[in-house]
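Student: I have a new structure open and I'd like to learn how to read it. Could you take me through it feature by feature?

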Amino acid sequence: MRKLVYLILTTVTVALVGCVTINVYFPEAAAQKAADQFIGNVLDGTGKAPAEPKKETPPPGNGPQPSAMLLDLLIPAAYAADAPNLQIQNATTEAIRGRMRARVQGALGGLLDSGAVGFTNDGLVALRDTAKVPLSQRAQANATVADENRDRNELYREIAQANGHPEWQDQIRTTFAKGWVKHAHAGWYYQNAAGAWQQK
């Protein structure tokens, strides 16, 4: 009878230890670093592509202990990164980066410099002062803003999906919105949290 009670208690203990919930939190610091690199490249050509993570090799030793191997069989190991990595570089994001960079070096850059366009507080751009755009160029300015916003929305969605967390899209958008303002050139306009336009 004692052996049966001991066996049941051991089984229940192992089952309880194995029922560990792991929460996946949005890696804000990693997201800000990745956004800064991306935005720096788009606006100034200064951002560097994220480095590939190095694979760690286990230190040489006598190998795992038999008791540890048995525990690994009973309770699956859970790993959490010390510094979470946010994957931001893939074929889709690189294509978006190229289009955005070309736009900033072309029509969008001129619109930002003139103050006609500014960064919104939701990570997009908006035509804020149509009087600064000649009537004959307004259709092209609207098209440029629409193309830029389409790419930005696709970028935020792609980063979230590439990292396996579509629910992070709003947080990625917020992180990038802060980054666009941070990297804005002097004289460019942006919206503050209340939606009022300010000049940097």
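Tutor: Let's begin with two terms. Helices (H or I, at least four residues) and strands (E, at least two) are DSSP runs, numbered from the N terminus. Two strands pair if DSSP finds at least two bridges between them. Here, strand β1 (residues 117-119) is joined to β2 by three bridges, and the two run antiparallel. Take F119: its bridge partner in β2 is V125.

Student: Before we go on, what kind of model is this?

Tutor: This is a predicted model, where local features need pLDDT of at least 70 and side-chain atom pairs count only at pLDDT 80 or more, while totals for chains, interfaces and linings use all residues. Residues are numbered from 1 along each chain as its sequence is written, and side-chain values use heavy atoms, with hydrogens and water left out.

Student: How many helices and strands are there in the protein chain?

Tutor: The protein chain has seven helices and four strands. Read from the N terminus, the elements go α-α-α-α-α-β-β-α-α-β-β.

Student: In what order do the four strands form the sheet?

Tutor: The general idea is that strands of a sheet pair through backbone hydrogen bonds, either parallel or antiparallel. In this case the four strands make an open sheet, ordered β2-β1-β3-β4, with mixed pairing. β2 (125-127) and β4 (197-199) are the edge strands with a single partner strand each, so one side of each has no neighbour in the sheet. From one strand to the next, the twist averages 40°; angles run from 0 to 180 degrees between N-to-C directions, and axes are lines fitted to C-alpha atoms, for helices over the stretch in contact.

Student: And helices? At what angle do the axes of α2 and α4 cross?

Tutor: Two packed helices are described by the angle between their axes and the distance between the axes. For helix α2 (residues 28-44) and helix α4 (residues 91-105), the axes cross at roughly 35° and come within 7 Å. The α2 side of the contact (heavy atoms within 4.5 Å) has Q37, F38, N41, V42, L43 and D44, which meet T93, R97, M100, R101 and V104 in α4. Those residues split into five nonpolar, three polar and three charged. For that count, Ala, Val, Leu, Ile, Met, Phe, Trp, Tyr, Cys and Pro are nonpolar, Asp, Glu, Lys and Arg are charged, and the others, Gly among them, are polar.

Student: How many salt bridges does the count come to?

Tutor: Side chains of opposite charge can pair when their charged atoms come close. The rule here asks for a side-chain nitrogen of Lys or Arg within 4 Å of a carboxyl oxygen of Asp or Glu. By that rule there are eight salt bridges. In one of them, the side chains of D36 and K182 meet at 2.9 Å, N to O. D36 sits in helix α2 and K182 in helix α7 (residues 169-183), 146 residues apart, so this pair links distant parts of the chain. D36 is buried, at 18% relative accessible area, whereas K182 is exposed, at 52%.

Student: Which residue forms a salt bridge with R99?

Tutor: That is D151, with the closest N and O atoms 2.7 Å apart. R99 lies in helix α4 and D151 in helix α6 (residues 138-162), so the pair ties together parts 52 residues apart in sequence. R99 is partly exposed, at 35%, and D151 is buried, at 5%. Both belong to a network of salt bridges linking R99, R103, E148, D151, R152 and E154.

How values were computed. Buried < 20%, exposed > 50% of the residue type's maximum accessible area, 1.4 Å probe, protein only.
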